[in-house]
Amino acid sequence: MLLHDDRLLPAEPVTRGIARRLYAGVRDLPIISPHGHTDPRWFAEDKPFPDPATLFVKPDHYIFRMLYSQGIKLEQLGIARKDGGEIEGDPRKIWKLFASNWHLFRGTPTRLWFEHAAFSIFGITERLSAESADRVYDRIAEQLEQDAMRPRALFERFKIEAIATTEGALDPLKWHDMIRESGWGGKVVTAYRPDSVVDPEFEDFRDNLDQFGELTGEDATSWNGYLEAHRKRRGYFIARGATSSDHGHATARTANLTTAECEKLFAKILKGKFSAEDADLFRGQMLTEMAKMSLDDGLVLQIHPGSYRNHNPYLFEQFGRDMGADIPRGMDYVSALKPLLDAVGNEPSLTVIAFTLDETSYSRELAPLAGHYPALKLGPGWWFLDAPEAMLRFRELTTETAGFYNTVGFNDDTRAYLSIPARHDVARRMDCHYLARLVAEHRLDEDEAAEVAHDLAYRLAKEAYRL
C-alpha cells in the first residue's frame, strides 16, 4: 500500500510534469476547513481516540453506507440504535468486518482517503484485508496511545489553520466555550445550523420552538419574536467564532413574502395544520430571512439542498437521521433562488454559497448565476461529488462561465477527522490536474496556473468564509 507520488495527476507525460510543479507549490499549504462535522468535544477535552474502529468506521457514513449496501447491519458496526438495543461492542470485531470487506471500496474516494491516512499518519504500508486486519489494528491502536495522536496535536500536525464545526440552533456550545477557556491556540469555530427550528417537518419542531424561546427570552411563537430569537442565537454563535450559517433544506426554494403573508404562514405552521407545500414555502422564506440577517451580522450563508434525506424509513426509525440513507436528486436553482436574489443578490457585502448534489445544474444554472450576482458564490463538489472525477467535472462545467473566482475553494464536509488532510490533498491534486491541462493547451500561462492553484487550495476558502 505505497502511495504513488503521481496519484491522480495526468498520465500524459508533458501535462503530468506541469501538474507536478503546480502541486509542489500547494502541497504543504495550511488547511482551511470552513465547513464540516468534526466533534468539538475532541478538541475541548483532547483525549486520545479510543480505538481504530471508533476513529475510522463508526463516524464515517461513507464507510458504513457501503457496508450496509452489502447486507452488513449497522448493529454489527457498533452504530448506536435509538432504542438502546444490542450492538457489537468489540472494536476489533468491527475492524475485522470492515477489513474483510475492504475490496468494496476499490475505485472510491474512501479508499484514497483511508490509505492516505493509514500511510501518512500511521506509517502503514500493507493493504487492508482480512489477513492483515489484526496487524493494522494493533499498529494504529498502539500509536493512538501516544500524545502525538491526540486531537490537538494532530490539528497542528495536519497544518490546520482553521476548522469550522456545525451545531444546531439549540446547542449550548459548551465544548466551544471549553476550547476558548483552555488557552489552546487552535482555531475551532462553530457554524449556525438552525434546521431544527426552521423546518416544520423536523421531528419535535414545536417543542424545539418552545426551547428556542426559552434560550433567547423571546416569544418564538410570534413572527417578530421568532425572528428576534434567531438574531440572538446568531449573535451567541458569532461570539463563539461563527462566521457562517448552514442550511440543509430539501430544496433550494426561497421566498420573499410580505410581513402579513409571513405572519399568516407562521400561524398555520404553529397550529400543526400545514401541507408539505406550506413547509417548503416556510423554509424558503427563512432562507431569505437568514440572508437579510447576514447583511447585518456578516455571517456567510451556506445553502446545502438537493438531498432526499433519510430515504430509508427503517434506518431512520432504528438509528435516526444522517445514517447514510441520503440520496441526491435533481434540483431547480434559477427559479428557486430568484426571490432571495431579487431581495439581496446585488449586495457585494453578502456572501451566499450555493452547493448542489445535482451536477447537471452546474453549467446550466449555478455557474451562470454565480457568474452574475455579486452575492452568490458556487460551493465545490460536495457529498457524493467529492470524488476525483466529479472534481474534474466541476471545473470543466463551471470555469468557462463562472471562472475560478466565483467559487470558494474546497471544503471537506466530514466527520472523519483523520481524512481531512487526505481530502484536501485529493482536491489539490485534481485542481492541479485540471490547471496543468489548461497550461499544456496554451490556455493559461504556468505562473497564472500556480497562482490559481494557491487560491483554490487556500486563499478563496479563507476569504469567502471570513476566516
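Predicted model: local features only at pLDDT ≥ 70, side-chain atom pairs only at ≥ 80, totals over all residues.
Biologist: How far from Glu167 is the nearest side chain of opposite charge?

Modeller: Glu167 is buried and has no salt bridge. A salt bridge needs a side-chain nitrogen of Lys or Arg within 4 Å of a carboxyl oxygen of Asp or Glu. The nearest side chain of opposite charge is that of Arg233, and its distance is 9.8 Å.

Biologist: Which helix has Arg233 among its buried residues?

Modeller: The buried residues of this helix also include Trp223, Tyr226 and Phe237. Phe237 is in contact with Glu167. The buried residues of the helix pack against β3 (167-168) and α10 (205-216), among others. The helix is α11.

Biologist: What length does α11 reach from its first C-alpha to its last?

Modeller: Helix α11 covers residues 223-238, which is 16 residues. At 1.5 Å a residue, 22 Å is expected. The helix comes close to that, reaching 23 Å.

Biologist: Why is the protein chain said to be as compact as a globular protein of that length?

Modeller: The chain has 19 helices and 11 strands. For 467 residues the globule rule gives 23 Å, and the chain is as compact as a globular protein of that length because its radius of gyration is close to this, at 22 Å.

How values were computed
Residues numbered from 1 in each chain as written. Heavy atoms only, no water. Helix = DSSP H or I, 4+ residues; strand = E, 2+ residues; numbered from the N terminus. Expected span 1.5 Å × (residues − 1). Buried < 20%, exposed > 50% of the residue type's maximum accessible area, 1.4 Å probe, protein only. Contact = heavy atoms within 4.5 Å. Lys, Arg positive; Asp, Glu negative; His and termini not counted. Rg over C-alpha atoms; globule rule 2.2 N^0.38 Å. Lists of a residue's contacts leave out its neighbours within four places in sequence.
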